[in-house]
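Hello,

Here is the structure I promised to pass on.

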Amino acid sequence: MKMKDELMSGIKGKVIAITGASSGIGEAAAVRLAELGAKLVIGARSTDRLKDIVARIESLGGEAVYVQTDVTSREDLSNLVQLACERYGKLDVLINNAGIGPISPLDDLRVEDWVATIDVNTKGVLYGIAAALPVFRKQSLGHFINIASTAGLKTVANQAVYSGSKFAVRAISEGLRQEAGDHIRVTTISPGVVQTNFIDGIPNQKIKDQLASVRDGLGLRPEAVVSAIIYAIEQPSDVDINEIVIRPTAQL
């Protein structure tokens, strides 16, 4: 199946950068957005996976480049944005998607996991904003899409730190929206349970098994979240979709 040139939308021709693009929502978004005619700049820690995704996009007639990106490094985020500007002359959308969730009870005192969660989920979004905001200001256009979570709406046992990191993403996004002005859009997307490898980093086996059962039983396909991303991007430039919550119908 070749890329469909006839697919005309508010996405065609846009330059879109994605963090955490080596799997899950990020990978699905990269492939689908390229299918719709966007030019992709993808980043993640695993360059082997990124290389395969770029090759897949190119084999279908799309355009994409990649760079190794650890979102805990401000320099890496700057390099991602710089690559977009150097290769394509602009950046239209930055999707701050990278995230981790080494969920555990606070009594386990996994302090290193707490720090890593904040570094990736919250500081990673801030570093993305720091890299792209000057470019968006210079262009007088741009769109931040920050992937949060329904855990940023409701806190439950064992997820306090993860939930806190996602509450922070929502707060930062709303503050950014209010400061952004007339030409920069800000969207927060909060998915519920999604069928990804998110649970692989959970150290507590009991919690891991419980979440795996929920994920496998009712989790959304990543493409459902991608549809929400597409909806936000496709709107006219004077329409800012500020927040989307998307969860399985059966999820409480």
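Helix H3 (residues 74-88) packs against H4 at an angle of about 35 degrees, and their axes are 9 Å apart. Axes here are lines fitted to C-alpha atoms, for helices over the stretch in contact, with angles running from 0 to 180 degrees between N-to-C directions. Helices are DSSP runs (H or I, at least four residues), numbered from the N terminus.

Please keep in mind that this is a predicted model: local features need pLDDT of at least 70, side-chain atom pairs count only at pLDDT 80 or more, and totals for chains, interfaces and linings use all residues. Residues are numbered from 1 along each chain as its sequence is written, and side-chain values use heavy atoms, leaving out hydrogens and water.

From H3, Arg74, Leu77, Ser78, Val81 and Cys85 meet a set of H4 residues that includes Gly124, Tyr127, Ala131 and Val135; contact means heavy atoms within 4.5 Å. By class, this contact has 8 nonpolar, 3 polar and 1 charged residues. Ala, Val, Leu, Ile, Met, Phe, Trp, Tyr, Cys and Pro count as nonpolar, Asp, Glu, Lys and Arg as charged, and the others, Gly among them, as polar.

H4 (residues 111-139) also meets H5 (residues 160-180): their axes come within 8 Å and cross at roughly 15 degrees. H4 and H5 are therefore roughly parallel to each other (angles under 35 degrees count as such). Among the residues in this contact are Trp114, Ile118, Leu126 and Arg137 of H4, and Tyr162, Lys166, Ile172 and Glu179 of H5. The contact of H4 with H5 divides into 13 nonpolar, 4 polar and 3 charged residues.

On a 1 Å grid over the protein atoms alone, a cavity is a set of points where a 1.4 Å probe fits but cannot get out, while a pocket is an open set with protein on both sides within 12 Å along at least five of seven lines; lining residues have an atom within 4 Å of a point.

The largest cavity holds about 90 Å³ of space. It has 13 lining residues, and the closest to its centre are Pro102, Ile103, Ser104, Val161 and Tyr162. H4 and H5 each supply at least two residues of that lining.

The second largest pocket holds about 180 Å³. Its lining includes Lys14, Asp92, His143, Asp182, His183 and Arg185, and by class has 2 nonpolar, 5 polar and 4 charged residues.

Best wishes

Notes. Angles under 35 degrees count as roughly parallel, over 145 as roughly antiparallel, 65 to 115 as roughly perpendicular and the rest as oblique. Grid points are joined across faces, edges and corners, and a volume is the space filled by probe spheres set on the points.
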